[in-house]
Structure formats: structure tokens, C-alpha cells
Amino acid sequence: MLKNDLFLRALKGETIERPPVWMMRQAGRYLPEFRALRDKYDFFTRCRMPEIAAEITVQPIRIVKPDAAILFSDILVVPQAMNIEVEMKENVGPWLPNPIRSAADVEEVIVPNIEETLGYVMDAVKVTKEMLNDEVPLIGFAGSPWTIFCYAVEGKGSKSFDKAKGFCFSQPEAAHALLQKITDTTILYLKEKVKAGVNAVQIFDSWGGMLSPVDYQEFSWKYINQIVEALADETEVIVFGKGCWFALGDMARSKASALGVDWTCSARNARYLSGGNITLQGNFDPSRLLSPIPTIKKMVHEMIDEFGKDKYIVNLGHGILPNIPVDHAKAFVEAVKEYNPARF
Ligand code: CP3
């Protein structure tokens with residue numbers, strides 16, 4: 001039995017004392033404890049060593065004390081398992097030496113045996129669950145097929161992902177074949193994570209907002225929805241689409257338990273677009289964590305007032321930035337725990 005189940009109760013839409021809180025990318029570079037480990041092992045080595053991944057996962061639980069843990073790993077371990085080489089370059093980010101640019105390249109991509117290729121993630125889940133000792137739930141995650149496709153085709157990060165979009169419009173058949181392979185792999189992968197012990201999963205569609213609403217349906221949502229359909233009977237599924245406010249209506253009609261919102265969409269608009277009945281998660285601008293601590297607390301309380309305390313999970317609108325002082329991250333979490341709707 002979980003000692004703190006606020007997060008899971010919010011996902012089920014139950015009435016709770018206060019909303020739960022966690023932060024996207026909470027296991028990461030703003031923590032000196034993380035940086036100490038980073039200096040010892042390279043990025044994917046850290047992902048592949050279950051004890052290290054578990055240690056990084058629980059660091060923010062000890063230090064910042066959010067209501068849920070998210071497994072330390074990366075969305076790009078999935079394309080690696082699919083026979084697409086991925087490196088993480090210091091100060092550059094993801095680097096794929098052989099990007100996918102043709103139907104022949106897509107042919108080379110495999111839907112792998114998950115146990116053989118990503119068994120180390122399942123081991124990390126098991127070690128993490130032991131370390132967490134049922135204090136808080138553990139979130140597993142994957143990138144959306146579109147977001148993985150963006151890196152696979154572009155070969156690196158990008159401001160606009162034009163090559164990825166160009167591939168969709170110039171070679172739609174090959175693009176759909178690749179998106180389907182990523183989708184099939186992701187379903188198998190997330191099902192294994194659930195079996196290994198995660199309590200919920202989040203799908204990160206970090207680059208969905210690069211697409212027009214019509215193209216979003218065709219190249220992103222269609223595939224995310226296959227994943228949601230395949231997982232919904234086994235676990236709670238959160239869909240976070242950065243810049244995808246226009247799709248909140250379709251997302252709300254799916255079997256997802258909650259929807260992530262970024263800071264460009266107001267709470268009121270997000271509630272309106274999602275039909276008012278589904279749990280929402282977000283949407284504090286991560287840069288706002290550079291404000292003085294009393295201001296952070298005030299803004300968090302206002303954000304909860306706007307979303308409402310029920311059917312709501314407090315989070316940032318995207319990942320925490322590396323330059324955020326740890327005390328400010330702590331203040332964000334404390335503000336939620338101190339929230340009192342009758343404070344006026
Ligand atoms: O705390 C957590 O959220 C768990 C761990 C996590 C990481 N990446 C660790 C990481 C999660 C959930 C991710 C998801 C991820 N990875 C996304 C989706 C979320 C988002 O931010 O949009 C994306 C697009 C990636 C791909 C990726 N990985 C990029 C673009 C980069 C480099 C830039 C950056 O943000 O650091 C990474 C590297 C990465 N993944 C780091 C961490 C802690 C930093 C690597 C390091 O410096 O050691």
C-alpha cells in the first residue's frame with residue numbers, strides 16, 4: 001500500500017485534501033547530487049545501471065519531496081532499442097549519427113524484444129520501487145511516437161523540426177511506417193514497465209506543437225491514442241503535449257486519465273477545451289521558478305485557485321531548467337503542501 005497516494009487519487013478524479021505535486025524533469029541537472037553522479041558516468045551509462053538510475057530517481061524525493069517519483073531514464077532509449085544509434089553529447093544534447101531519411105532506412109528499424117534490449121529499464125524500476133519503500137508512486141514514461149520520430153529523422157534537437165515534417169509530407173508512407181514501428185515498440189515497452197511496477201505512465205509529446213491541428217491528428221494523436229487504448233486497462237495514462245492545447249478536446253475524449261498543459265494555455269481555457277471533467281496537470285512556466293520564494297508561493301497558490309484543487313496535479317508546464325536554485329524547487333512543492341483555499 002502506498003503511504004502517499006494523492007497523485008493516484010487525483011488521476012482517478014477523486015476529491016482530495018490538496019492537489020498532488022511533482023515536476024517534469026525533477027531528476028536532473030539542477031540538483032548538485034545529480035551533477036556529482038554525472039561527472040562519474042556518461043548519460044546512457046547512468047540509464048543502464050539500475051542502482052544509479054534508481055538513486056537519481058529518489059534524489060528529488062529526498063530533497064524536494066514531491067508526491068510522485070519519475071524514473072530516471074530518457075525517451076531516446078526506445079529508438080536505441082529499435083536499431084537507431086543515439087548518443088548524448090555534452091552541451092549539444094541528443095545526437096543520432098545515422099538519421100532516418102528514406103524508406104530503406106525505415107526498413108532497417110526494428111520492433112525489438114523489450115526484455116533483451118530494455119530489460120535494464122525494468123531492473124531500474126524494480127530497484128527504484130524497493131528504494132521508494134511505498135512512500136510515493138513511481139511514474140514511467142515514453143516519448144510520443146511523433147517526438148521520437150522528430151529525433152530519428154532530424155538527427156538532433158531543432159527549433160522547428162523541418163526535416164522531420166518534410167519527411168512526413170514528402171514520404172508519407174515511409175513516415176507512417178516508422179511512426180507505427182515506434183508506436184508498437186512503445187506499447188510493448190510501457191506494458192513491461194507496468195509489469196515491473198510503475199504506478200502510472202506519462203507520454204511526452206514535446207514536439208507535437210510543431211504540427212498544425214490537422215497534421216497533429218494524422219502524425220501524432222492517432223499514434224498516441226493507440227498507446228492510450230493499449231495501456232488504459234492496465235494503468236493510469238497521462239498525455240503531455242507541449243503546445244498542443246488545440247488537441248485537448250480529442251485527448252479528453254480518449255481513455256487518458258490526465259492531460260498535461262503548458263503555460264501558454266490558461267487554466268480556464270484548458271478546462272474549457274478539455275470539457276471540464278478530466279484531471280489536468282501543469283502548467284507553471286519553469287522560468288518563473290527564478291522569482292523570489294514568496295512570489296513563487298503566491299503564484300502557485302493562484303494557479304491552484306485557477307485550476308481548482310480537484311482533478312488537478314500541480315506541475316511545471318515543461319521540464320525544470322538546470323539553473324533553478326534547489327530552494328526554489330523546494331518552495332514550489334512546499335507552496336502546494338501549504339495551500340489553503342480559505343486563506344483570504
Ligand atoms: O526527472 C525526469 O523527468 C526523469 C528523467 C527524464 C530525462 N529525460 C532525463 C534527462 C525524462 C522524463 C526525460 C524526457 C525527455 N528526454 C524528453 C521529454 C521531456 C521534455 O523535456 O520535453 C525529451 C525531449 C528528451 C530528450 C533529451 N534528453 C534532450 C533534448 C536532452 C538534452 C537537453 C536536456 O534537456 O538536458 C536529454 C538529456 C537528459 N535527459 C538529461 C536528463 C537529466 C540531461 C543530461 C545530462 O546533462 O546529464
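Predicted model: local features only at pLDDT ≥ 70, side-chain atom pairs only at ≥ 80, totals over all residues.
**Ligand site and pockets**

Q: Which part of A27, backbone or side chain, has an N or O atom 2.7 Å from an oxygen atom of the ligand?
A: A27 is listed among the closest residues around the ligand, together with R25, D74, S206 and H318. The A27 atom that lies 2.7 Å from a ligand oxygen atom belongs to the backbone.

Q: What percentage of the ligand's exposed area does the protein bury?
A: The ligand taken alone exposes 860 Å². Of that area, the protein buries 88%.

Q: Which pocket holds the ligand, and which elements give two or more residues to the shell around the ligand?
A: The ligand sits in the largest pocket. Two or more residues of the shell come from each of α2 (32-38), α3 (43-48) and β3 (93-95).

Q: How many residues of the shell around the ligand are nonpolar?
A: The shell includes 5 polar and 5 charged residues. Its nonpolar residues number 12.

Q: Which residues that line the largest pocket are closest to its centre?
A: The largest pocket has a volume of about 1300 Å³. It is lined by 41 residues. Closest to the centre are R25, R29, D74, M88 and P94.

Q: How many residues of the lining of the largest pocket are charged?
A: Elements that give two or more residues to this lining are α2, α3, β2 (87-89) and β3. By class, the lining has 22 nonpolar and 10 polar residues, and the number of charged ones is 9.

Q: Which element gives the largest share of the lining of the second largest pocket?
A: The second largest pocket holds about 150 Å³ of space. Of its 13 lining residues, the closest to its centre are W263, N283, R288, M303 and E306. Both β8 (279-284) and α14 (293-307) give two or more residues to the lining. The largest share, 5 residues, comes from α14.

Notes. Residues numbered from 1 in each chain as written. Heavy atoms only, no water. Near = heavy atom within 4 Å. Polar contact = N/O pair within 3.5 Å; in protein donor to acceptor, adjacent residues only side chain to side chain. Areas by Shrake-Rupley, 256 points an atom, 1.4 Å probe, with all protein chains shown as cover. 1 Å grid on protein atoms, 1.4 Å probe; cavity = no way out; pocket = protein on both sides within 12 Å on 5 of 7 lines; lining within 4 Å. Sits in = over half its atoms within 2 Å of the grid points. Helix = DSSP H or I, 4+ residues; strand = E, 2+ residues; numbered from the N terminus. Nonpolar A, V, L, I, M, F, W, Y, C, P; charged D, E, K, R; others polar. Points joined across faces, edges and corners; volume = space filled by probe spheres on them.
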